[in-house]
Amino acid sequence: AYLGSSMNIARDETWLVRELSACLKRHANPSIKGMNILVRPHPANAFIYERLEGENIQVYPKKGALPDTESSMRDFYNTLRYCVATVGINTTGMIDAVIADKPCVTIMTDQYRSTQALTAHFQCLLDADVLEIAKSSSECVDILKRVCGGGDSKGHLRRKFVADFIRPRGLQRPAGAVAAEAIEFAGQGKSACQINSLLTNLN
């Protein structure tokens, strides 16, 4: 699945999707050559994909969608669940992919390096070493071939990132309950450091 970026990150990244499509189609390995790309547009930058669909490219949902309803959340979850891997430049959807324990490839070209470096979430993903990094579409295809062959070297790092960064209060502890406790402590006049210590002791 290709996860589209916002306009601030990549004004028009369709050239990259086309290039990736072409690299797949001319690959010698039949399983890679037959691979399809499901493009999930960023909801604020979906118009660029209006004329993109091709032989091995499908765009869904056409106008993009935030996963903010039961139906749209299910669509997004299924996109992540049934894909081989996710590919993109820089989007918070990559964090969702990591949470879903899917290999996540970022294509770091000179064209987008500055907008990638400026976002905090992307730096967190880089620091945690959970992303597969490709410098071109052809390198991305090489990574996809390796992943398809069982060469997923980042799985343990993805799971560590979820435990350390996404759910540091415990995977079995509902995030809503943790937030409610933090709000209650804040209402009691506790400082941020005190709240952190209290929540840690509740683990």
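1. D129 is partly exposed, at a relative accessible area of 38% (buried is under 20%, exposed over 50%, and partly exposed in between, with a 1.4 Å probe and protein chains only). D129 sits in the loop between α6 (120-127) and β6 (132-134). Its phi is near 60°, a positive value in a residue other than glycine. Most residues other than glycine have a negative phi, and most peptide bonds are trans.

2. This is a predicted model, in which local features need pLDDT of at least 70 and side-chain atom pairs count only at pLDDT 80 or more, while totals for chains, interfaces and linings use all residues. Residues are numbered from 1 along each chain as its sequence is written, and side-chain values use heavy atoms, with hydrogens and water left out.

3. D101 also has a positive phi, near 60°, and is a residue other than glycine. Its place is the loop between α4 (93-99) and β5 (104-107). D101 is partly exposed, with a relative accessible area of 29%. Helices (H or I, at least four residues) and strands (E, at least two) are DSSP runs, numbered from the N terminus.

4. Y60 and P61 are joined by a cis peptide bond, with omega about -10°. P61 belongs to the loop between β3 (57-59) and α3 (70-82).

5. How do α9 and α10 pack? Helix α9 (residues 175-187) and helix α10 (residues 192-201) pack at about 135°, with axes 10 Å apart (axes are lines fitted to C-alpha atoms over the stretch in contact, and angles run from 0 to 180 degrees between N-to-C directions). That makes α9 oblique to α10; angles under 35 degrees count as roughly parallel, over 145 as roughly antiparallel, 65 to 115 as roughly perpendicular and the rest as oblique. Their crossing is right-handed (the near helix is turned clockwise from the far one by less than a right angle). V178, E181, A182, F185 and A186 of α9 make the contact with I195, L198 and L199 of α10, where contact means heavy atoms within 4.5 Å. The contact residues comprise seven nonpolar, no polar and one charged (Ala, Val, Leu, Ile, Met, Phe, Trp, Tyr, Cys and Pro count as nonpolar, Asp, Glu, Lys and Arg as charged, and the others, Gly among them, as polar).

6. Helix α1 (residues 14-25) and helix α7 (residues 137-148) cross at roughly 55°, and their axes come within 9 Å. The two are therefore oblique to each other, and α1 passes α7 in a right-handed crossing. On α1 the contact involves L16, E19, L20, C23 and L24, which meet S137, S138, C140, V141 and L144 in α7. By class these are seven nonpolar, two polar and one charged residues.
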